[in-house]
Amino acid sequence: MRLLDGINSPEDLKKLPRTELPRLAQEIREEIIRVTSLNGGHLATNLGIVELTLALHAVFDAPRDKIVWDTGNQVYTHKLITGRRDQFHTIRQFGGLSGFTRREESPYDTFNAGHAGTSISAALGMVEARDHLGEDSKVIAVIGDGAMTAGMVYEGLNQAGASKKDFIVILNDNEMSISKNVGAISAYLSRIITSQFYTKVKEETKHLLKTIPRIGEPMIKAVHKVEESAKGLIGPGLLFEELGFQYIGPIDGNRFEHLFPTLENIKRLKGPILVHVITKKGKGYEPAEKNPVTLHAASPFQVGTGEARKAARFPTYTQVFASTLVKLAKRDKQIVAITAAMPEGTGLSQFDKEFPDRCYDVGIAEPHAVTFAAGLAVSGLRPVVAIYSTFMQRAYDQIVHDVCIQNLPVVLCLDRAGLVGEDGHTHHGIFDIGFLRILPNLVVMAPKDENELQHMLHTALKHDGPTAIRYPRGEGVGAEMDARLLRLPIGKAELLKNGNDLAILALGHGVHPSLAVARELEKEGISTAVVNARFVKPIDRDLIVQLARKTRRLVTVEEHVLQGGFGSAVLEVLEEEGLVGTAVKRIGLPDLFIEHGGVRLLRERFGFTTETLLRDIQSFIQAGLPKAEMPRRMG
């Protein structure tokens, strides 16, 4: 029997002899690899944090003690030992466990996450609430080194350090290597300086030195420098100490003999404490150790090799964006590219290989990325900012204030627009039309396929003003790629099929299913026009008015929430033109946060497949036609 099968809560973990923990850690790694190979998910970072997670739950008393996981993508071990082992095989599947922390799932998940950099601010709020309510518990924020590039982290650290409240931050550093010398010495010193005896002597000595006039304070600073030098970490240690934290580390986060003494000691300490822990990304699984970036967020893979189970039939939108940008940058030296810690995810790693001096990865700092782009643009360059739709939300003020008000030629490329699948409600890109189309000067567009994406990028880089292009995750539709790039007329839609009885105005991914629906409706005797909207802003007012007057029935299709989306923009045109008698059916997403699940399943559930679109549109037509006018074969 596996040890893991007997762990239903952290209390069970505490009962286990510590000599058995390496075996448990191995079993957990095997389970994570097995399930992730089938479902996909965040693999490398979860393999690296197994020992740290077990040690935290063994030393602290969750859920009374609050463990706040930054980003929430490294919690697979946490889920396995907090009563969700039997459901773990459902992770990231529709109706199953989330791949991130979810308060709705378990009291051990203290804060919902999905975007990086939130843990310290959220945990500090819990610290203040604890003290306000007179409670006695520990609050621990666990944050990865990647998230330390987010500006919000330092806002939280600044307040936390100044507050002097009891608060523990665990910095999980899985990018640095740790040499045997530094690792052993540093771990030893960390255990020493967190011991009760050392802490007591240190505080009493500091108090005594402060009483000595003139020389006391300089001596305290000198002692502090000696201590930091001994740890070999004047750099990061000094930074956190200056922010008001007691800095401890680095310690080897994959060795229980280093973790337990340090965590047990800091549990007794007071004030803000930051523990620097080094873990190995992908630990225990050779493919993930060799390729931690590739297997950071993995698609389903073969366990033996780490290779993806399913080969793509067509290029992805991301790949087409990247190859087109490289092509254009070869012609125009003013083109530069910016990403926020996602060079592989956005495809800009390809651009970086070709033009390393023209590609900027600014870290998890989306607001900075956009204002940085504005600075480049105001100086005559043509910046392209590639950020996932869901993460672009974090830079909204910068888009408004620094780009649009100044009407700067910044190109915002919103990858993963629409439903993204198994990452769920924190990652679906379903709000961008609503928050972008209201901004003056900004052109907003969406391609119907991968071929049109390359033309839109070319168009955006020729436009003298800000533009945004939203495109979906995953493969294209297999469109034939034009060799020559075209400059599309701004604000002009594409009439793909004319018709007299009904017009379907579709945006982005919805265009090709709408064409298929129109062909089915023709069989029912309904003459159906289909429009590839292309532009949300400026919208093609003339074509909308023309089709509304001719058909008196419009259907809009968008993979976006209905509130404030493309369909709302069409309704605004009809109201402004006095065409309020036109019957309109808007097809989009409802006013809720969409759960995780496969993209195909979600599109079927929310009406974006050809079959579901056809049923909805048939019902719309049927409801608006007198009985005598109803097409004979209408179901």
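Mentor: Start with a term: buried means under 20% relative accessible area, exposed means over 50%, and partly exposed lies in between, with a 1.4 Å probe and protein chains only. This is a predicted model, in which local features need pLDDT of at least 70, side-chain atom pairs count only at pLDDT 80 or more, and totals for chains, interfaces and linings use all residues. Residues are numbered from 1 along each chain as its sequence is written, and side-chain values use heavy atoms, with hydrogens and water left out.

Trainee: What makes helix α12 mostly covered?

Mentor: Eight of the 11 residues in α12 (residues 256-266) are buried. They are F256, H258, L259, F260, T262, L263, N265 and I266. Helices (H or I, at least four residues) and strands (E, at least two) are DSSP runs, numbered from the N terminus.

Trainee: Why is N532 called buried?

Mentor: The relative accessible area of N532 is 0%, and the limit is under 20%, so N532 is buried. N532 belongs to strand β16 (residues 528-532). Beyond neighbours within four places in sequence, its contacts (heavy atoms within 4.5 Å) include K448, E452 and V511.

Trainee: Why are α14 and α21 called oblique to each other?

Mentor: Their axes, lines fitted to C-alpha atoms over the stretch in contact, with angles from 0 to 180 degrees between N-to-C directions, cross at roughly 40° and come within 9 Å. Angles under 35 degrees count as roughly parallel, over 145 as roughly antiparallel, 65 to 115 as roughly perpendicular and the rest as oblique. Roughly 40° falls in the rest, so α14 and α21 are oblique.
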